[in-house]
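Please look first at the sequence and the fold shown below. The paragraphs that follow lead from one residue to the elements around it and then to the protein as a whole.

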Amino acid sequence: MATVISIDNFRTSAPFEDYGITKDDYLPIDTVLDTNIMVSAVEIFNNEKGEGAYILASAGAVKAGEPFYICTHAIGLVNTLDKPALLQALSEGNTITCRITKRKSKTSDRQVYAFA
């Protein structure tokens, strides 16, 4: 006899479930612009949009200091977040402090995300 299985068993999970983070802890990147955030983990991934990064962070001014995660494909951010030294520091239990901002690109008229 076949078993009935919920579709929820096949949905993509949140990237930081090992940290107790759920899909409900996701925030759009614009939510944390110009705010000091404390990064505890980064997961680099590839999909149809190219290389991207999930960032597990916290900030006193965002979600009352509770952990959250953001996602980005911004080249200026991902090219820093995928550095082996940064990933090693995080894997050793260190926290990285940073601030994400939006500014005009140096090569075009577009607005881009960058570390301030």
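In which segment is Ile-29 found? Ile-29 is found in the segment before strand E1, where helices (H or I, at least four residues) and strands (E, at least two) are DSSP runs numbered from the N terminus. The model is a predicted one, in which local features need pLDDT of at least 70 and side-chain atom pairs count only at pLDDT 80 or more, while totals for chains, interfaces and linings use all residues. Residues are numbered from 1 along each chain as its sequence is written, and side-chain values use heavy atoms, with hydrogens and water left out.

At 8% relative accessibility, Ile-29 counts as buried; buried means under 20% relative accessible area, exposed over 50%, and partly exposed in between, with a 1.4 Å probe and protein chains only. Leaving aside residues up to four places away in sequence, Ile-29 touches Ile-70, Cys-71, Thr-72, Leu-77, Ile-100 and Tyr-113, a contact being heavy atoms within 4.5 Å. The C-alpha atoms of Ile-29 and Thr-101 are separated by 9.7 Å, although the two residues are 72 residues apart along the chain.

Thr-35 also lies in the segment before E1. This residue is buried, with a relative accessible area of 15%. Its contacts, again not counting residues up to four places away in sequence, are Ala-59, Ala-61, Val-62, Cys-98, Arg-99 and Ile-100.

A disulfide is a covalent bond between the sulfur atoms of two cysteines. Cys-98 is accordingly in no disulfide, and a search of the whole structure finds zero disulfides. Cys-71 is partly exposed, with a relative accessible area of 24%, whereas Cys-98 is buried at 15%.

Helix H2 covers residues 84-91, and Leu-86, Ala-89 and Leu-90 are buried in it. Seen down the axis of H2, these buried residues fall within an arc of 95 degrees, so they line one face of the helix; the arc is that of the directions from the helix axis to the C-beta atoms. An α-helix has 3.6 residues a turn, so residues three or four places apart point the same way. The buried residues of H2 pack against strand E1 (36-47), helix H1 (75-81) and strand E4 (96-104). The face of H2 turned away from its buried side carries the exposed residues Pro-84, Ala-85 and Ser-91. Just after H2, Gly-93 takes a positive phi of about 95 degrees.

The view may now widen to the whole protein. It has two helices and five strands, which run β-β-β-α-α-β-β from the N terminus on. Its C-alpha atoms fill a box of roughly 60 × 30 × 30 Å, taken along the principal axes. Of the 116 residues in the protein, 34% are buried. Among contacts between residues at least 6 apart in sequence, 53% join residues at least 24 apart.

Note on methods:
A disulfide is a pair of cysteine sulfur atoms within 2.5 Å.
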